[in-house]
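Welcome! Please take a look at the structure below, and then we will walk through some of its features together.

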Amino acid sequence: MSPTLVVLTVGSLVGASCALVGSFLVLRKMALLGDAISHAVLPGIALAFLLTGGRAALPMVVGAGALGLVTVFLVELFNRSGRLAEDASIGVVFPALFSLGVILISRYASQVDLDLDCVLYGEIAYTPWDVWLVAGRSLGPKALWVNGAILLLDLALVTLFYKELKLSTFDPELAAALGFSPVLLHYLLMGAVSVTVVGAFESVGAILVVAMLVVPPATAYLLTERLGRMLALAVGIGVASAVVGYFVARALDASIAGAMAVVAGSMLAGALALSPSHGLVARALRHRRLGRWLTGRIVLLHLRSEGSPVSRDALRERLGWTRGRSRRLSGILHELETRGWVTRETEGLRVTAEGARAAEEHGGA
Amino acid sequence: MELTFTARNVLLGATLLGAVGGVLGSFALLRRQSLLGDALSHAALPGVCLAFLVTGSKDPLPLALGALGAGIAGSLTVLALVRWSRIKEDSAIGIVLSVFFGLGIVLLTHIQRLPGGNQTGLDKFLFGQAATLMERDLQVMAILGAAVMVLLGLFYKELKLITFDRAFAQSLGLPVRALEGLLTLLLVTVVVVGLQTVGVVLMVATLITPAAAARQWTDSLGWMLVLAGGVGAASGATGALASASVAHLPTGPVIVLVASAVLVVSLLAAPRRGLVRAWLRERGVEQRIRRENLLKDLYRTGEEARTDPYRLVPLPHLMGLRGQAFGALRATARRLERQGLLSSHDDTLSLTTEGFREAEAVVRKHRLWELYLTRRLELASDHVHRDAEAMEHALSDDDVARLEELLGHPETDPHGRPIPPAPRQPGGAPPSRGEATP
């Protein structure tokens with residue numbers, strides 16, 4: 001496998017698994033808990049590293065997963081005590097754990113290759129050379145195995161508990177009433193987030209994991225109303241961000257992980273502008289169409305109640321319209337004319353029989 | 001301890017940052033915007049890099065201005081996402097935080113790979129490197145910090161009002177939006193002050209953790225600001241000194257851990273909001289309820305038997321009444337025995353005269369309350385027992401006296417059982433041992 005292909009595959013695996021669990025974080029309004037977990041796993045990784053003396057994958061995943069659950073537990077503990085709001089609980093817990101991790105690494109592991117910068121923004125470019133050796137034989141890049149396994153795990157979780165996750169996300173009370181344990185599902189999901197974060201940690205680093213967890217799902221959220229479609233879209237966007245990000249980074253000679261985040265952000269901006277249902281452009285067009293429709297009705301109703309032709313200036317004056325609005329008026333009048341609802345006579349505008357009927361149909365009194 | 005020049009700079013910088021961070025963080029905490037600071041600190045990174053690319057200098061002032069600009073852009077993006085799309089605030093913060101940071105990393109790595117770019121040392125903004133603080137950095141920090149404090153002082157009353165009662169501030173005609181913008185601007189400025197010392201990741205803790213600790217000790221905003229500033233400054237100073245005296249101990253993380261330790265102590269031990277005290281109080285109430293229930297159960301058993309009020313009651317019988325575990329019941333009984341309220345013989349219990357009097361008081365509260373509910377609130381007599389079970393532990397002696405007055409000194413409850421008379425009244429003396437009640 002060529003190094004480029006390895007990086008692209010690892011990036012895609014990370015993008016896909018993050019998008020999968022991240023979608024539920026976004027829908028449950030827990031995006032920042034994902035942020036907290038992604039930082040707080042650091043001491044878990046550092047401890048696993050110090051205890052085993054190496055970078056074996058399994059201890060790291062276990063250590064980080066445990067710390068992820070500790071984070072969730074502590075945030076809830078503080079929040080439940082009623083002394084701190086949820087956002088404040090998150091804001092005090094993860095920096096403390098992250099600090100612990102940084103101190104552990106810089107005191108005890110500074111000579112070894114657990115690099116602090118790498119913790120923040122990862123070094124996916126090195127993944128092709130970090131191979132998994134079993135009995136002296138290479139089984140290919142370790143990151144491929146780890147992230148592949150994590151993706152399978154996330155897929156299994158989402159398919160096995162799809163119904164439960166869906167219900168508890170959109171209607172937690174009903175889910176609880178039907179006997180699904182919300183606490184169990186919550187911790188299951190958070191466990192999956194922790195494990196996913198660890199896998200992504202080495203490739204994209206603590207902060208850019210957040211980009212992969214939150215941005216593609218938020219983008220998909222702007223594009224659809226259905227959970228299944230949102231998950232598929234989020235995974236697609238995650239993979240696309242990884243692939244495009246890689247080439248952008250190559251072109252700029254810059255961090256691959258950083259470029260992935262930027263590409264994901266641009267896709268979000270694109271969806272925000274252009275989404276057919278929730279996009280700003282679509283919304284502005286809808287708004288405009290509605291405004292024109294309404295103005296047309298008002299003109300028709302007014303002309304009908306007048307009976308005799310009315311000049312444009314008189315119409316503008318009687319309806320109390322400003323100059324800016326009257327400029328739009330000519331377009332609207334033109335549309336009414338082409339539809340045959342209004343005729344232009346020498347004395348002014350007159351409503352046709354058809355126009356009067358149209359005005360009535362759409363709510364004319 | 002003899003301080004080197006660098007150590008002195010670090011100490012000054014960390015203390016200054018802790019103080020302003022704590023003060024501004026208090027507002028963020030109270031306004032439930034704790035994590036906005038996190039987004040702002042991450043968002044500042046591309047600003048630092050852009051400023052370097054544009055000016056080509058490492059002078060702290062342009063870098064700080066770049067960070068300020070990017071931080072403002074970040075906060076506006078969060079606002080815009082929430083207002084113009086269906087994306088919720090938590091996702092918006094996560095998006096701004098990670099995408100801006102990603103952009104920062106792209107620029108940073110790009111700069112580092114430029115010829116000669118490796119020496120820029122911009123990466124100190126990631127984790128903060130307090131040891132690299134120069135005289136000039138301190139000057140910029142001091143100027144920005146002072147500006148923040150002056151503005152805060154000038155608009156203190158207004159900012160306090162929008163923090164606690166936004167609607168009221170609006171009704172007074174205050175420019176609420178502008179004031180909120182000012183507060184965010186001040187927050188961004190503090191973030192910029194702290195970036196070089198603690199870095200983007202830990203910045204949020206220098207804002208929130210001291211404020212959260214201070215919140216536990218007081219309900220007054222003024223005191224909270226003072227305490228938060230104090231906790232921040234103290235943890236800053238401790239962090240700086242600790243990292244100066246121990247090798248390989250980074251300043252930022254130590255500052256955060258010291259502040260976190262103060263927070264944990266505050267959460268546990270603060271006089272009114274402290275968890276230890278709340279826990280003790282709760283436990284005390286729980287135990288009192290258990291004791292009162294046991295006394296009452298013994299009384300009722302004797303009453304039902306209509307023979308001997310001091311009758312020996314076997315523990316298993318009492319366990320059945322409330323479904324209590326043997327161990328818990330015996331622990332309660334031991335405590336009552338030590339107080340001289342009951343005596344036990346081989347897993348059977350009986351009230352002492354004093355215990356009988358105590359039990360009477362509880363039963364009295366229970367039955368008066370039942371009567372009150374049926375007579376005054378006109379509840380059916382079979383609906384009042386559960387409520388009385390709770391109220392009997394809560395009514396004070398004064399309440400009971402009034403209740404009795406209100407009900408016209410009744411003698412029986414809605415179920416026709418006698419209401420024990422108040423102590424020290426004629427007929428109020430407990431029956432002597434062995435004497436049968438009618």
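## Where the chains meet

How many residues does the contact take from chain B, and how many from chain A? In this predicted model, chain B brings 49 residues to the contact and chain A brings 54 residues.

Let us look at the chain B side. Five helices of chain B, α2 (36–55), α4 (89–112), α5 (124–127), α9 (176–215) and α11 (251–269), each supply at least two residues of the side that touches chain A. Of these, α4(B) gives the most to that side, with 15 residues. By class, the residues of the side of chain B that touches chain A are 28 nonpolar, 13 polar and eight charged.

## The nonpolar cores

The largest nonpolar core has 198 residues, and the members that touch the most others in it are A:Val209 and A:Met260. Helix α10 of chain A, residues 182–221, gives the most to this core, with 24 residues. Apart from it lies another core, of 18 residues, including B:Leu294, B:Leu318, B:Leu349 and B:Val363.

Which residues is A:Val209 in contact with, once its neighbours within four places in sequence are left aside? They are A:Cys18, A:Ser38, A:Val197, A:Ala200, A:Phe201 and A:Val204.

## A pair of helices in chain A

Helix α3 of chain A (residues 42–52) packs with helix α4 of chain A (residues 57–80) at an angle of about 145°, and their axes are 7 Å apart. The crossing of α3(A) and α4(A) is right-handed.

On the α3(A) side, the contact is made by A:Pro43, A:Gly44, A:Ile45, A:Leu47, A:Ala48, A:Leu51 and A:Thr52. From α4(A) come A:Pro59, A:Met60, A:Val62, A:Gly63, A:Ala64, A:Ala66 and A:Leu67. Sorted by class, the contact of α3(A) with α4(A) has eleven nonpolar residues, three polar ones and no charged ones.

## Domains of chain B

Chain B is divided into two domains: domain 1 covers 5–273 and domain 2 covers 280–406. Taken over C-alpha atoms, the centres of domain 1 of chain B and domain 2 of chain B are separated by 57 Å.

## A closer look at B:Val265

B:Val265 has its place in helix α11 of chain B. Is B:Val265 buried or exposed, or something in between? B:Val265 counts as partly exposed because 13 other C-beta atoms lie within 10 Å, while a buried residue needs 20 or more and an exposed one has 12 or fewer.

B:Val265 and B:Ala213 are 52 residues apart in sequence, and their C-alpha atoms are 8.3 Å apart in space.

Methods
Residues are numbered from 1 along each chain as its sequence is written. Chains are lettered from A and ligands numbered from 1 in the order in which they are written. This is a predicted model: local features need pLDDT of at least 70, side-chain atom pairs count only at pLDDT 80 or more; totals for chains, interfaces and linings use all residues. A nonpolar core is a set of buried Ala, Val, Leu, Ile, Met, Phe, Trp, Tyr and Cys residues joined through C-beta atoms within 7 Å. Helices (H or I, at least four residues) and strands (E, at least two) are DSSP runs, numbered from the N terminus. Two residues are in contact if their C-beta atoms, placed from the backbone, lie within 7 Å. Domain bounds come from an automatic or database domain assignment. Ala, Val, Leu, Ile, Met, Phe, Trp, Tyr, Cys and Pro count as nonpolar, Asp, Glu, Lys and Arg as charged, and the others, Gly among them, as polar. Axes are lines fitted to C-alpha atoms, for helices over the stretch in contact, and angles run from 0 to 180 degrees between N-to-C directions. A crossing is left-handed if the near helix is turned anticlockwise from the far one by less than a right angle, and right-handed if clockwise.
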